[in-house]
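Here is a short briefing to read alongside the model. Please keep the sequence and the 3D view open as you go.

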Amino acid sequence: MKMQRLYSTIKPYVAMAVIALTMTSLNVNAIGHKNEENNPSAQHQKGEGHGKHHNKMKKHFHRLVKKLALSSEQEIKLKAIFANMKTKRQEQKDPLAGFKKQVESLMLASDFDENSFAAIYAEYQPSFQEMAMQKAKTHHEIMQVLTPEQQKKFTKIQQHKGRG
């Protein structure tokens with residue numbers, strides 16, 4: 001009889017402990033899983049980050065096609081323009097990485113040296129000019145593919161994005 005009473009008193013506590021442990025382990029597992037999904041460095045290590053960016057760009061392109069009501073011929077031409085733009089941007093990544101690294105070292109210094117920044121900026125000015133030129137050329141190529149109505153819509157979309 002004593003054993004049965006002891007059992008009935010302990011049973012709720014054991015059940016609550018099991019529930020608490022289960023909930024804690026599920027919570028920890030969920031947090032770890034969530035952090036892995038949202039952690040860009042973990043995605044990059046797995047090689048997933050690029051795919052998500054590619055899918056995002058693909059969605060933006062399809063949205064643009066839909067909003068501008070592009071013909072299939074226009075869509076093909078824009079795909080070629082965007083592919084060319086992507087290639088050019090890849091070529092420009094290395095000079096930008098050097099600039100960013102040098103500016104970052106200035107930001108970590110105890111005092112900001114305006115002369116050093118001006119010298120670094122002047123050194124990379126041709127790269128910046130080339131990038132601006134490439135952006136303008138690409139924008140011009142896009143506008144040449146579009147009809148006047150589509151050009152107006154495209155300009156409005158670009159201004160809405162803050163890129164105009």
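How many aromatic pairs does a search of the whole structure find? The search finds eight aromatic pairs, where rings of Phe, Tyr and Trp (its six-membered ring) pair if their centres lie within 6.5 Å. This is a predicted model, in which local features need pLDDT of at least 70 and side-chain atom pairs count only at pLDDT 80 or more, while totals for chains, interfaces and linings use all residues. Residues are numbered from 1 along each chain as its sequence is written, and side-chain values use heavy atoms, with hydrogens and water left out.

**Overall build**

- The protein chain has six helices and zero strands, with helices (H or I, at least four residues) and strands (E, at least two) taken as DSSP runs and numbered from the N terminus.
- Of its 164 residues, 17% count as buried; buried means under 20% relative accessible area, exposed over 50%, and partly exposed in between (1.4 Å probe, protein chains only).
- Among contacts in the protein chain with a separation of 6 or more, 53% come from residues 24 or more positions apart, a contact being heavy atoms within 4.5 Å.

**Aromatic residues**

- Phe-99 and Tyr-124 form an edge-to-face pair, at 5.5 Å centre to centre and 70° between the planes; planes under 30 degrees apart count as stacked, over 60 as edge-to-face and the rest as tilted.
- Phe-99 lies in helix α4 and Tyr-124 in helix α5, so their pair ties together parts that are 25 residues apart in sequence.
- One aromatic cluster takes in Phe-99, Phe-112, Phe-117, Tyr-121, Tyr-124 and Phe-128.

**Nonpolar cores**

- The largest nonpolar core has 13 residues, of which Leu-68, Leu-70, Leu-78, Ile-142, Leu-146 and Phe-154 touch the most other members; such a core is a set of buried Ala, Val, Leu, Ile, Met, Phe, Trp, Tyr and Cys residues joined through side-chain atoms within 4.5 Å.
- At least two residues of this core come from each of α3 (49-68), α4 (72-108), α5 and α6, and α3 gives the most, with four.
- Another core, of six residues, lies apart from the largest one, and its members include Phe-99, Val-103, Ile-120 and Phe-128.

**Where α5 meets α6**

- The axes of helix α5 (residues 114-145) and helix α6 (residues 148-161) come within 8 Å and cross at roughly 140°; axes are lines fitted to C-alpha atoms, for helices over the stretch in contact, and angles run from 0 to 180 degrees between N-to-C directions.
- His-139, Ile-142 and Met-143 of α5 make this contact with Gln-151, Phe-154 and Thr-155 of α6.
- These residues divide into three nonpolar, three polar and no charged, counting Ala, Val, Leu, Ile, Met, Phe, Trp, Tyr, Cys and Pro as nonpolar, Asp, Glu, Lys and Arg as charged, and the others, Gly among them, as polar.

- Gln-150 lies in helix α6 and counts as buried, at 7% relative accessibility.
- The side chain of Gln-150 reaches the backbone oxygen of Ala-69 at 3.3 Å.
- Beyond its neighbours within four places in sequence, Gln-150 is in contact with Leu-68, Ala-69, Leu-70 and Gln-74.
- With neighbours within four places likewise left aside, Leu-70 is in contact with Val-65, Glu-75, Leu-78, Leu-146 and Gln-150.

Technical notes
A polar contact is a pair of N or O atoms within 3.5 Å; within protein, one must be able to donate a hydrogen and the other to accept it, and residues adjacent in sequence count only if both atoms are side-chain atoms.
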